[in-house]
Amino acid sequence: MKMNTTGVFLTFLCGVATAAACFGLLLLHVPCPRSLLPAEQELILGRSINRTHADPSTKKPATASAPAPGDEKLLELLRRASMDDLDKTVILTFASQAWTAPGSLLDLLLESFRQGVGTEPLLKHLVIVADGAKAYEQCQRVHPLCYHLQLEPGGVDYVAQQSYMAKGYLEIVWRKFLSQARVLQLGYSFVFTDMDIIWLRNPLLRIPIGVDLAMSCDRYYGNPYDLDKWANSGFMYIKASARMVAFYESWYAARLSYPRTHEQFVFQRVKDTLSAKHGIRVQFVETAYLTGFCQLRKDFNKVCTVHANCLVGLKSKLEKLTEVFNEWKEFKKKAGLLGSNTTTALTH
């Protein structure tokens, strides 16, 4: 019997449409890309996850800004400190004079690198940006990669610890921000850590694959792709690209709409609009790994960094961080890890 070709064709189209619909429904249940498990990442100790340095929006490599006067020393330090990856990643922190004094937060941060699991080899990638001459002098006594941030004409070299949200505090915060922006302009990606953070494990293993900006948060809930969280810029991974430089410029310009506030507050207000505008993939990291005193987690099988957030004053930060650090050292001793500094230890 001769078949009706029109009917066959219509049946075929219906079948294709049904299959496409089913495939679309399946895609709704495909999980988002995840971070690598620790066992998958043991081979990348001391360097960040290998990512392409191309800018996906332009299909061209990110281009570095031409050096400005005074950049020679910074470029030399960045070259020495950068990891063996395509993004030329460095670790940055920012030091004021009060925080670099003997027995202060700088000493505690460096000691945590030496005591943490898989963290001591990262010290050679740590560049300390010293805010002012005295901070630079104190930094040089304890670490080989110190950069003297020269003050702008009329800038104040603050000697004492500045009160939270005071004029001096905000000036220092925005100097820190501009130093980060300059590193980006020179073509280097970075992991930024505030100095009131201790490193217990290698946190680079918790930076999600494929993001442009990964950040800690004060309290974690929901999922990492949901931006409705209170951002904390104390720990960030920033991937260098032309888009990210533009993002930082827009972030800095937005401060004019929020006077007398810090960069973290501004980011909280503009994160959705600016990330969409510049095509920046933002993700927050769980407080189980990047924890702090706003939502303290102390599962030492997981915790990578501890931030003295939600604490006011240098004395309080030092006391609380030292207390947790001592607990960590006791945990290592009981687990038979005294002196251990490998990424394979205590994986879960």
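**Entry 1: Leu318**

I started with Leu318, which I found in helix 10. I was working on a predicted model, so I kept that in mind throughout. Which residues does Leu318 touch, leaving aside its neighbours within four places in sequence? I noted Gly103, Ser104, Leu105 and Leu108. I then looked up the C-alpha separation of Leu318 and Leu108 and got 8.2 Å. Along the chain, these two sit 210 residues apart.

**Entry 2: helix 5 against helix 10**

For helix 5 and helix 10, I read an angle of about 15° and axes 11 Å apart. Angles under 35 degrees count as roughly parallel, and helix 5 and helix 10 are therefore roughly parallel to each other. Their crossing is left-handed.

Next I listed who meets whom. From helix 5 I wrote down Leu105, Leu108, Glu111, Ser112 and Gln115. Facing them from helix 10 are Leu314, Leu318, Leu321, Thr322, Phe325, Trp328, Lys329 and Lys332. Sorted by class, this contact has seven nonpolar, three polar and three charged residues.

**Entry 3: helix 8 against helix 9**

I turned to a second pair, helix 8 (residues 242–253) and helix 9 (residues 263–278). How do their axes cross, and within what distance do they come? I found a crossing at roughly 135°, with the axes coming within 9 Å. Helix 8 and helix 9 are therefore oblique to each other. I also noted that their crossing is right-handed.

On the helix 8 side, I recorded Arg243, Ala246, Phe247, Ser250 and Trp251. Helix 9 brings Glu263, Val266, Phe267, Leu274, Ser275, Lys277 and His278. By class, I have six nonpolar, three polar and three charged residues in this contact.

**Entry 4: the cores**

How many residues does the largest nonpolar core have? I got 50. The residues with the most contacts inside this core are Val191, Met195, Ile198, Trp199, Leu200, Val306 and Leu321. I checked which elements give two or more residues to this core, and the helices are helix 4 (97–100), helix 5 (105–115), helix 6 (133–140) and helix 10 (314–334). The strands on that list are strand 3 (90–95), strand 4 (126–131), strand 7 (197–199) and strand 9 (231–238). A second, separate core has 45 residues, including Leu92, Tyr147, Phe177 and Val270.

Ile197 lies in strand 7. Is Ile197 buried or exposed? At 2% relative accessibility, I count Ile197 as buried, because the cut-off for that is under 20%. Outside four places in sequence, I found Ile197 in contact with Leu109, Gly234, Phe235, Thr305, Val306, His307 and Leu321. From Ile197 to Thr305 I read 6.5 Å, C-alpha to C-alpha, and they are 108 residues apart in sequence.

Ile238 is in strand 9. With a relative accessible area of 0%, Ile238 is buried too. Beyond its neighbours within four places, I noted contacts of Ile238 with Leu184, Ser189, Phe190, Asp212, Leu213, Met244 and Tyr248. I also checked Ile238 with Met215: they are 23 residues apart in sequence, with C-alpha atoms 8.7 Å apart.

**Entry 5: positive phi**

I looked for backbone angles worth a note. Lys88 has a phi near 50°, a positive value in a residue other than glycine. I placed Lys88 in the loop between helix 3 (71–81) and strand 3. Its relative accessible area is 30%, so I put Lys88 down as partly exposed.

Cys310 also has a positive phi, near 60°. I found Cys310 in the loop between strand 12 (305–307) and helix 10.

**Entry 6: the whole chain**

I finished with the overall counts. I have ten helices and twelve strands in the chain. What percentage of the 348 residues is buried? I got 51%. Last, I took the contacts with a separation of 6 or more, and 72% of them are between residues 24 or more positions apart.

Technical notes
Residues are numbered from 1 along each chain as its sequence is written. This is a predicted model: local features need pLDDT of at least 70, side-chain atom pairs count only at pLDDT 80 or more; totals for chains, interfaces and linings use all residues. Side-chain values use heavy atoms; hydrogens and water are left out. Axes are lines fitted to C-alpha atoms, for helices over the stretch in contact, and angles run from 0 to 180 degrees between N-to-C directions. Helices (H or I, at least four residues) and strands (E, at least two) are DSSP runs, numbered from the N terminus. Angles under 35 degrees count as roughly parallel, over 145 as roughly antiparallel, 65 to 115 as roughly perpendicular and the rest as oblique. A crossing is left-handed if the near helix is turned anticlockwise from the far one by less than a right angle, and right-handed if clockwise. Contact means heavy atoms within 4.5 Å. Ala, Val, Leu, Ile, Met, Phe, Trp, Tyr, Cys and Pro count as nonpolar, Asp, Glu, Lys and Arg as charged, and the others, Gly among them, as polar. A nonpolar core is a set of buried Ala, Val, Leu, Ile, Met, Phe, Trp, Tyr and Cys residues joined through side-chain atoms within 4.5 Å. Buried means under 20% relative accessible area, exposed over 50%, partly exposed in between (1.4 Å probe, protein chains only).
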